[in-house]
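Trainee: Could you walk me through this structure? I have not looked at it before.

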Amino acid sequence: MQMAVCSSRAAQSCITPLCNGRSCWLPLPIRALSCSNSTACQRVHSVRVLAQAVAGAGGGHAGHAKLHDFCMTIPYGGIALLSGVVAALFKAQTMGLQLLGAGVVICLSSVFSLRTWKAGGRSTLYTLVSAGTSGWVAYQMWQRVQASVAPVPSGILLALSAALAAFCLYNIVAGGNPPPQKHST
């Protein structure tokens, strides 16, 4: 378990565990933070409390998200692909191609994330790609809703895209995907 390092004796009370189990759930700049006064120590503590609340610490999920990113991005990628096909069929070829492209990017990102997770690695990059792509789709759909271009289907895809982007960001902040289950033989 890694600890925050405090440089003064008066600040020794700010030494707090930043890692739980085998994976650290705080970003490197926060893990490497050194305290030089009590204010800095309070900041370390408040960031730790916030990260624990976001990660759901105490509920058996400390150090990682409660759900894998690919459990949500694979179905969303399929929905984006299907939406692109439907949009192209209804004479919205530009939007259809954009949705097809976003669906392909998210599906590929999901597959790579799954492979990396199975190999025991971190899939933060793939989760960021999924968050960015779904955020871009949400922005495009928001513009379509504002312009009253197919507001109902655009609104549904807007809600799904925004929810996926928020979930992906939660997954990253919470520490990434849950570790693979170890099966005893």
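Mentor: What follows is a short talk through a predicted model, taking helices, rings, loops and cysteines in turn.

Trainee: Start with helices. At what angle do H3 and H4 pack?

Mentor: H3 and H4 pack at an angle of about 160°, and their axes are 7 Å apart. An angle over 145 degrees counts as roughly antiparallel, and H3 and H4 are therefore roughly antiparallel to each other.

Trainee: And which hand is the crossing of H3 and H4, left or right?

Mentor: H3 passes H4 in a left-handed crossing.

Trainee: What about H4 and H5, how do they pack?

Mentor: H5 is the helix of residues 124-146, and H4 packs with H5 at an angle of about 160°, with the axes 9 Å apart. H4 and H5 are therefore roughly antiparallel to each other. Their crossing is left-handed.

Trainee: Which residues meet between H4 and H5?

Mentor: From H4, the residues include Leu 99, Ala 102, Val 105, Ile 106 and Phe 112. They belong to a set that meets residues of H5, among them Val 129, Thr 133, Trp 136, Val 137 and Met 141.

Trainee: Is Ser 154 buried or exposed?

Mentor: Ser 154 counts as buried, because its relative accessibility is 4% and the limit for buried is under 20%.

Trainee: Switching topic. How many aromatic pairs are there?

Mentor: The structure holds three aromatic pairs. One of them is Phe 70 with Trp 117, a tilted pair at 5.5 Å centre to centre, with 55° between the planes.

Trainee: Where do Phe 70 and Trp 117 lie?

Mentor: Phe 70 lies in H3, which covers residues 70-89, and Trp 117 lies in H4, which covers residues 93-118. The pair therefore ties together parts that are 47 residues apart in sequence. Both Phe 70 and Trp 117 are buried.

Trainee: Got it. What does Phe 167 pair with?

Mentor: Phe 167 forms an aromatic pair with Tyr 170. That pair is tilted as well, at 6.0 Å centre to centre and 45° between the planes. Phe 167 and Tyr 170 are three residues apart in helix H6 (residues 151-174), so about one helical turn separates them.

Trainee: And which of those two is buried, which partly exposed?

Mentor: Phe 167 counts as buried at 13% relative accessibility, whereas Tyr 170 is partly exposed at 23%.

Trainee: Loops now. What is the phi of Lys 91?

Mentor: Lys 91 has a positive phi of about 65°, although it is not a glycine. Lys 91 sits in the loop between H3 and H4, and it is exposed, with a relative accessible area of 70%.

Trainee: Last one. How many disulfides does the count come to?

Mentor: The count comes to zero disulfides. Cys 71 is partly exposed at 36% relative accessibility, and Cys 107 is partly exposed at 23%.

Definitions and conventions
Residues numbered from 1 in each chain as written. Predicted model: local features only at pLDDT ≥ 70, side-chain atom pairs only at ≥ 80, totals over all residues. Heavy atoms only, no water. Disulfide = S-S within 2.5 Å. Buried < 20%, exposed > 50% of the residue type's maximum accessible area, 1.4 Å probe, protein only. Phe/Tyr/Trp six-rings, centres within 6.5 Å; stacked < 30°, edge-to-face > 60°. Helix = DSSP H or I, 4+ residues; strand = E, 2+ residues; numbered from the N terminus. Axes fitted to C-alpha atoms, helices over the stretch in contact; angles between N-to-C directions. Parallel < 35°, antiparallel > 145°, perpendicular 65-115°, else oblique. Left-handed = near helix turned anticlockwise from the far one by under 90°. Contact = heavy atoms within 4.5 Å.
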